[in-house]
Amino acid sequence: MGNVDDEFLFQRIYDWKTLKRIWSYFSPYKSLVLASLLILPFIAVLQLSQPYIIKLAIDENIVKKNLKGFNLLALLFLGSLVGQYLLTFLQQYILQLAGQKIIQDLRIQLFSHLQRMPYSFFDKNSVGSLVTRVTNDVESLSEMFTAGVAGFAGDFFILLGIVAIMLTMNVKLALVTFTIVPLLAIIAIIFRTKSRDANRLIRVKLSNLNSFLNENITGIETVKLFNREKKNIKEFQRINDEYRIPNIRSVYYDAILYAFVELIGAIAVALIIWFGGGQIVRQTITFGALVAFIEYVDKFFRPIRDLSTKYAIMQQAMASSERIFNLLDEKEEVYAPEPSSSPQTASVMDGEGKLKNLQGEIIFRDVYFSYNPGDYILKDVSFKINPGEKIAIVGATGGGKSTIIKLLSRFYDIDRGEVLIDGTDIRGLDKSWLRTQISVVLQDVFLFSGDIMSNIRLGKNSITDEEVIEASKLVNAHRFISNLPDGYYETVRERGQNLSTGERQLLSFARALVFKPKVLVLDEATSSVDTITETLIQDALFKLTEGRTSIIIAHRLSTIQRVDRIIVLHKGMVRETGTHKELLNLRGIYYKLYQLQYKYHLEESSIL
Ligand SMILES: Nc1ncnc2c1ncn2[C@@H]1O[C@H](COP(=O)(O)OP(=O)(O)OP(=O)(O)O)[C@@H](O)[C@H]1O
Ligand SMILES: [Mg+2]
C-alpha cells in the first residue's frame, strides 16, 4: 500500500494530465468555447442584481410606504430575469455546439483507432467493453459540457460576485457566513474520494453488462437451442445486481453530501437572522439589506449544493476519459516494414516493403509460435510452397492449421524462425500490401450488412460491377445470386443470416477472387453441405486456385485429392509431406486420419 498522501497527490497530478488532454480536444473549437464562457459573467451580474433590486424595493418603497419608482424596480426585476434566461439559453447552445463536435471527433478517433488495433488486441478485450467506451464513456464525457464545464465556470463567477457583494454590504455578517465554508470543504473532500471509487466500479460493471448483452443477443441461436434462456436471465440479474450496488453507493454519497450542504445552508441563514436581527435592532443594517443578504446566502449555497451533482458528473467524465485515453494509448498495428528484420533484397521496391513481380513462393523455416509465451502451438514448422503450387494442410483439430494462416497474414508475429515470400522475410514487407497479395477465405465467413455487391467488393470501389459478376460466375455463385429477388442488390442481413452456409461459402470465394490475389489461402469450412453444393464448391475451388499459389486447409476428401501436395500437421509439427498416394503408402498419420475421417465419406459417396 502506498502512502495515502502520495496517492492523493498522484491522483491530482493525474487528473491534471487528463484535463490537459481533454483540453486538447477543445482547442479546435476554442472560439465557440470562449464565446460561451464570455457570456457567463453577464449572467452572473444579472443574477446578482436581483436580491439588490429587492433590497431597494423594501428599503425605499415598502418600508417608507412610498410607491415612487416601485414600478420601475418591478420592471427592472422582470427584465433581469428574462435577460438571465435568454443569455443562459444562448450560452448553453453555443457550448453544446462545441461539445457535440468534440464528442464526434473523439468517437471517430476511437473507432479508427479500434480498426487499426492489432488482431491480438481483440483476444484480450471483449466487444462489450469496447462498445461501452465508444458509446457510454463518450456520452458521459459529453455530459461534462452540459453540466460540468459551464456549470463550474458559471458558479465560479456567481460565488466570486456574492463574496464581493456580501463583504461590501456588511463585513461582519459576511464573515459570520463564511465561517461555515471550511466545514463544507472538509465534507466535500471526504465524499469526493468515495464517490470517485464508486463511479469507477460503475463503469467496470456497465462494461460487463454490455459484454453479456452483446454475447447473448449475438448468440441467440445457441441460447435457444440449448435452452439457456432462463439461466441467462438469472445470470443477467446477477450482473445487474453487481451494477446496481455501486450505483446505489454513489447515489448514497451524493444524497448525504446534498443533505449536509442543505443543512449547513440552513444553519447559515439562521446565523444571519440571529446576527442580522440584532443589527437591525441596533440599526446598523436595514431590513431590505438583511432580506437581500438571506437571498445572497441562498444563491451562495445553491451552486455549492449542486456541486455534488456536478462533481459526480465530472468524476464520471474523468473516469470515462481515463478509460478512453487508456484505449487510445494502446499501440496501433504497425503496417510499415520492420527495418531490422531482413536486408532489403533487390526485389524490394525502395524501402516501401512491396515486392516487384511477386511470384508467390512461400517458405516457413523453423517456425516456432505461441499465443501465450512458452506454450508453443507451432514447433519447428518448415515447408516450402513453389509458385503456383496447390498444397493442402490436413491434421486433427487444434493442430495449428488456422494459426498458420494468421502468421502468414501477420495477425501475429512468430517467436522464432522465418516466414519468407519470394525469399523476403514477411516482417520486411508492408502489411497492407502483404494482405492485398494474399487473399484469405476464412473458416467462418463473415458478411456485413449491406448488399451482395458490396459484400464481394468490400469497399474497394475500383472493382467494377462487371468484375464482381464475372468473379461470381466463375465460382458458381452467379446462379443463386440471380435467383434472389434483388439479385446482386439483395440486402444481406446482419452476419448474412438470410443466406445458407453453402451460399455464404461461394460468396466468400467470389470475394477472394475479385481481388485477383497471387496467393490464395483457404480455410475450408468444416460444416457439410449437400452433394450438389459440394460439387459447386469443388469446381469453384479448382478455378479459384488455378495458376496461383494456394494453401488449402482441407477437410474434404475431394479437395485433398486435387492438390499437388499434402502437409500433415500434427500437434503443431509437420509430420508428413507428399501426394495423397505417397502418404497413403507411408501408412503413417495421414493414413490413419484418412481411415478415420474419410473412409466413411468414400463409402457414402460410392453408394450415391
Ligand atoms: N487467439 C488465441 N489465443 C490463444 N490460443 C489460441 C488462439 N487461437 C487458437 N489458439 C490455440 O491454438 C491451437 C491451434 O488452433 P488452430 O485454430 O490453429 O487449430 P486448427 O488446426 O485450425 O483447428 P481446426 O481444425 O479445428 O480449425 C488450439 O489449441 C487453440 O486453442
Ligand atoms: Mg482452424
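These are my notebook entries on a predicted model.

**Ground rules.** I number residues from 1 along each chain as its sequence is written, letter chains from A and number ligands from 1 in the order in which they are written. I take local features at pLDDT of at least 70 and side-chain atom pairs only at pLDDT 80 or more, while totals for chains, interfaces and linings use all residues, and side-chain values use heavy atoms, with hydrogens and water left out.

**Domains.** I looked up the division of the chain and found domain 1 (15–329) and domain 2 (362–607); the bounds come from an automatic or database domain assignment. The two centres, taken over C-alpha atoms, are 56 Å apart. Four residues from domain 1 and four residues from domain 2 make the contact (heavy atoms within 4.5 Å). I noted a buried area of about 400 Å² between domain 1 and domain 2, with 57% from carbon and sulfur atoms; buried area is the accessible area (1.4 Å probe) that two parts lose on being put together, summed over both. I then searched this interface for salt bridges (a side-chain nitrogen of Lys or Arg within 4 Å of a carboxyl oxygen of Asp or Glu) and got zero. A search for polar contacts across the interface gave one residue pair, both at pLDDT 80 or more. A polar contact is a pair of N or O atoms within 3.5 Å; within protein, one must be able to donate a hydrogen and the other to accept it, and residues adjacent in sequence count only if both atoms are side-chain atoms.

**Magnesium site.** Which protein donors does the magnesium ion (ligand 2) have? I found Ser402 (OG) and Gln443 (OE1), 1.9 to 2.6 Å from the ion. Donors are N, O and S atoms within 2.8 Å of the metal (3.2 Å for Na, K and Ca); water is not among the atoms, so the site may look incomplete. Serine 402 sits in helix α11 (residues 401–408) and glutamine 443 in the loop between β6 (438–441) and β7 (450–451), 41 residues apart. Helices (H or I, at least four residues) and strands (E, at least two) are DSSP runs, numbered from the N terminus. Serine 402 is partly exposed at 22% relative accessibility, and glutamine 443 is partly exposed at 27%. The classes are buried under 20% relative accessible area, exposed over 50%, and partly exposed in between (1.4 Å probe, protein chains only).

**Serine 36.** I placed serine 36 in helix α2 (residues 30–62). Serine 36 is buried, with a relative accessible area of 0%. Beyond its neighbours within four places in sequence, serine 36 touches Gln91, Ile94 and Leu95.

**Salt bridges.** I counted 23 salt bridges by the rule above. Arginine 107 pairs with glutamate 139 at 3.5 Å, N to O. Arginine 107 is in helix α3 (residues 70–115) and glutamate 139 in helix α5 (residues 127–169), so the bridge ties together parts 32 residues apart in sequence. Glutamate 333 meets arginine 435 at 2.7 Å, N to O. This pair joins the loop between α10 and β1 to helix α12 (residues 431–437), 102 residues apart. Glutamate 333 is buried at 10%, whereas arginine 435 is partly exposed at 25%. I also recorded a network of salt bridges linking Lys205, Glu235, Arg238 and Glu242.

Most residues other than glycine have a negative phi. Asparagine 357 has a phi near 45° and is exposed at 66% relative accessibility. Aspartate 380, in strand β2 (residues 376–385), has a phi near 50°.
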